[in-house]
Amino acid sequence: MSDCRQYTNRSCEECLKNVTCLWCASSRRCMEYPVQRILPPADLCELRSARWGVCWVNFEALIIAMSVVGGTFLIMLGVCCCCCCCKKKSKKPDKDDERAAREREKRRVRQEERRAEMKSRHDEIRRKYGLFKEENPYAKFEN
């Protein structure tokens, strides 16, 4: 590999042909990228002047763009998770819904039993006082 300093005072494109090089536009220097740090330190080159990989994007714009893309991705991921959780909840009834359905069924059965009991009591009282109406009044004359 070639030494990056030999491209100083040349063009950005020549400097960045080597991926280990960093171009500083303000000082027109080509230097080794400080790999031990993620961003180049300010005393080496300002972020708005530093170029790496391509000449048309500086580190400030790269950081802002990556932050926007990353934030958008995280928001989309959160929305998708919320949608999946809500969809899962609506498909499967929870324990409260099941308990309420059981209670409704018990109440319905008890009401039917009471209704049948009241009907039999009323029929018995009607029979006692001769108010019970038979469905066919001529049925008692058969046989």
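**Entry 1.** I began with C45 and found it buried, at a relative accessible area of 3%. I note here that the model is predicted. C45 is bonded: a disulfide joins it to C24, with 2.1 Å from S to S. I looked up the torsion about this S-S bond, which is about 85°, so the disulfide is right-handed. C24 sits in strand β1 and C45 in the loop between β2 and β3, so the link ties together parts 21 residues apart in sequence. I checked C24 as well; its relative accessible area is 2%, so it counts as buried.

**Entry 2.** I then asked how many disulfides the structure holds. There are four. A disulfide is a covalent bond between the sulfur atoms of two cysteines. Counting bonded cysteines along the chain, I wrote down the pattern 1-4, 2-8, 3-6, 5-7.

**Entry 3.** I turned to C4, which a disulfide joins to C21, S to S 1.8 Å. C4 lies in the segment before α1 (12–15) and C21 in strand β1 (residues 21–24); the two are 17 residues apart, and the pair links distant parts of the chain. The angle about the S-S bond is -90°, and this link is left-handed. C4 has 0% relative accessibility, so I put it down as buried. I found C21 buried too, at 0%.

**Entry 4.** Next I looked at C15 and C30, whose sulfur atoms are 1.9 Å apart in a disulfide. C15 belongs to helix α1 and C30 to strand β2 (residues 29–32), so this pair ties together parts 15 residues apart in sequence. I read 80° about the S-S bond, and the link is right-handed. C15 is buried at a relative accessible area of 0%, and C30 is buried at 2%.

**Entry 5.** C80 is in no disulfide. I looked up accessibility for both: C80 is partly exposed at 46%, and C83 is partly exposed at 46%.

**Entry 6.** Last, I looked at two strands. Strand β3 (residues 50–52) pairs with strand β4 (residues 54–58) in the antiparallel sense, over two bridges. I looked for the bridge partner of W52 in β4 and found V54. The two strands, β3 and β4, form a hairpin with one residue between them. In the turn is G53, for which I noted a positive phi of about 90°.

Definitions and conventions: Residues numbered from 1 in each chain as written. Predicted model: local features only at pLDDT ≥ 70, side-chain atom pairs only at ≥ 80, totals over all residues. Heavy atoms only, no water. Pairing = 2+ DSSP bridges. Helix = DSSP H or I, 4+ residues; strand = E, 2+ residues; numbered from the N terminus. Disulfide = S-S within 2.5 Å. Buried < 20%, exposed > 50% of the residue type's maximum accessible area, 1.4 Å probe, protein only.
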